[in-house]
Amino acid sequence: MTTDPTPPGPVARPDQEHQVAPPDVVTLGEVDAVDETEAPASLWVEAWRELRRRVLFWVSAAIIVLVVLVALFPGLFARQDPRYCVLTRSLGGPEAGHPFGFDFQGCDIYARTIFGAQASVTVGVLTTLLVAILGTAVGALAGFYGGWFDTVLSRVTDIFFAVPLVLAAVMVMSIFRANRNVLTVVLVLGVFGWPQIARIARGAVMGVKNADFVTAARSLGASRFATLVRHLIPNALAPIIVTATVALGTFIVAEATLSFLGIGLPSTTVSWGGDISTAQGQLRVAPHVLFYPAGALALTVLGFIMMGDAVRDALDPKARKR
Amino acid sequence: MVRYLGRRLLQAVPVFFGATLLIYFMVFALPGDPVLALGGDRGISDALAAQLREQYNLDKPFIVQYLLYLQGILTGDFGTTFAGRPVGELIASAFPVTFQLALMALAFEAILGIGAGLVAGLRKGKLFDATVLVVSLLVIAVPTFVIGFVLQFVVGVRWGWLPVTVGSNVSFTSLLMPAMVLGAVSFAYVLRLTRTSVAENLSADFVRTATAKGLSRRRVVNVHVLRNSLIPVITFLGADLGALMGGAIVTEGIFNIHGVGGTLFAAIRQGHAPTVVSFTTILVIVYILANLLVDLLYAALDPRIRYDD
C-alpha cells in the first residue's frame, strides 16, 4: 500500500528538444482501492449515479411530480369548481381567491388550469405506454427475424409513417364523433404514433443482435424467442426510453391540437387544449385567458422533454465524457 | 445507382397501395350517410339518393369502390366532388400553395436551425449554447397554434410588419409568417440535432487529423465537421417535408390559406373518399420521394456511402 510520489510531470531537460506528454498515471493506491468482489455497475446504476448530479434532472423531476400530483388530486390545489361560471365576471382580472382572473364565460381560470391537467397528463402517459409497447414489439420482431418479415413490417411502418398524424387523427376522431373521450384520443395518437419507436427499436435490436452475449445465450440452449425477450429487448431499451420520454411531451401537444381543431376531447371535458382554443377569440382584449392554460401546457411538456434530455445524456457514455 | 433507384421505387409501390387502401377504408368507415347529408334538413328523395349513390359508386361494396377509384386514377381521372368540381382541379388549386408554404418552412428551419445549431455545437456549454437550447425547448413546448396566434397578433396586428392573413393574396411576404410558424417546431429539432452532431464530430479522429495537417479552422469546421454532421439533419429534413405539408392544417386555418389542409379537412367532414384519398396519396408520394432524395444525398455528403451494387 505505497502511494506513488509526485507523478512525472512534463519537465523538459536542457538537452531535450521536444517535450514528451505526461503518461496517464493511475497510482497504486487507486488501483488497490477498487473493490473486486463488487459486481460491476450496470448501465442503469451508472446512469442513475450520473443523473443524480444533474440540475436539469432535478428541475424536470420536480415539474413532473408537481404536474402528476395536480392531475391526480386537483381538489387539493383548487377549491373552486372549474365549471362554476358567472357571466358578470366575464374576462375579469385577478381578485382575492381567483389569482388568474376569469375567462369569457366567467369561469375561474386558476381552477380550470388545475383541473385541465388531468386530461393532458392521462393522454400523454397512456399514449406513450401504448406507443412504446406497440413500437417495441413491431420494431424488435422486424429487427430480430430480418428477411422478408423485416421487409413487410418495415413497409407497414412506412405506410403509417407516411400518413400525417393530424390527418389520420381527424379521420379517426370523426368516426368516434358520438363518444369521444380520453381513451379514444389515446387510441388515435397511439395507433398512428408507434412507427417512430418501431424504427428506433428495430435499429437498436439489430445493433445488439450479433453481440457475444446473444450467441452465448443461444448456445446455452435459449430459444430464439426467449433470447429476444430476455436478452435483446432489455439491452435495446435505452434509446426507446429516451425517444418515448420526449414523445410524451409531443403527445400532450398533439392532444391540445386535436381539441383546438374541435376533434379532440369534447367541450364538456376541462382541458388545456380546449381552453386555449376558446381563449384565442379574446386574445386581443384579454391575453391572460390564453396565457395560463398555454403556460401550464408548455411547462408540463418542458418537464418531460428536459427529463428525456437528461436521461439520454446519462445513458450515453459518449455524451457523459464531455 | 440505377438498380438501387429501381429497387427503391419498386418498394414504394406496395406502400402506395397500402396507404391508399388504409385511407380509403377509413373514409368508408366514417359514420353518417354523405348522400343524405347533402340534402340537409329538407331531406332528399329516394330516387335522387339512389341516383347519386350510383353516380358516386356509393351503392357498391367497399372493395369494388376502391378498385373503381384505382381504375380512375390510373386513367388520370381523380373523381368529382359532391359539388360537381373535378378533384383534379381541386388538387391543382390547393397543392401549389401548400407546397410553396412547406418549402419556405423547410428553408427557414434548415438555414436558421443548422446555422444556430452549428454555432451552439462549436461553443458547447457557453452562454450562446445555453440560450439557444432554452429557446428551442420553449418552441417545442408551446403548441404551434399558440405561437401562430401570438405572432399573428403581435407582428401582424400590433406592429403591422407582415400581412395578418393570406387569403387569395399568395406571395412571398404573405407566406413568410405562416412559414415561420409552420417550421418553428422542426426548427428546434434541426437545431438540437445539428448541435449534438457537431459537438460529437468535433472530437472525432478525422477532425484532429485535419487540424494536425494544418488546415485552417474555417476549413476544418465547414468541410470536415459540418459535412459529416449533416447526415442526421438531412434525414430529419427529408421526412419533414411530407409532415409539413400534411401538418399545415392548423397553420392554414390560422392564416386563412386555401391549401391542402383546409380542403382535406372539409372533404373528411363531407365523407368524400376520392378527394381525401387523392390528397393523402399525393402527400404519401411526396413523403416517399423526399426520403429517396435524402438517401441519394447521403452518398454526396459521405463518400463512404455508395449505391452501386
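This is a short chat about a predicted model, its chain B and its contact between chains A and B.

User: What does the secondary structure of chain B come to?
Analyst: Chain B has 13 helices and 0 strands. Along the sequence, the pattern is α-α-α-α-α-α-α-α-α-α-α-α-α.

User: What does its C-alpha trace span along the principal axes?
Analyst: For chain B, about 85 × 60 × 30 Å.

User: And how much of chain B counts as buried?
Analyst: 39% of its 309 residues.

User: Contacts in chain B between residues at least 6 apart: what share join residues at least 24 apart?
Analyst: 73% of those contacts do.

User: Tell me about α6(A). Which residues are buried?
Analyst: A:Ser154, A:Thr157, A:Asp158, A:Ile159, A:Phe160, A:Phe161 and A:Ala162 are buried in α6(A).

User: What covers them?
Analyst: The cover includes elements from both chains. From chain A there are α5 (109-145) and α9 (194-208). From chain B there are α1 (2-28), α10 (217-246) and α13 (273-301).

User: How far apart are the end C-alpha atoms of α6(A), and what should it span?
Analyst: The ends are 22 Å apart. With 16 residues at 1.5 Å a residue, α6(A) should span 22 Å, so the two values agree.

How values were computed
Residues numbered from 1 in each chain as written. Chains lettered and ligands numbered in written order. Predicted model: local features only at pLDDT ≥ 70, side-chain atom pairs only at ≥ 80, totals over all residues. Contact = placed C-beta atoms within 7 Å. Helix = DSSP H or I, 4+ residues; strand = E, 2+ residues; numbered from the N terminus. Buried ≥ 20, exposed ≤ 12 C-beta atoms within 10 Å, placed from the backbone. Expected span 1.5 Å × (residues − 1).
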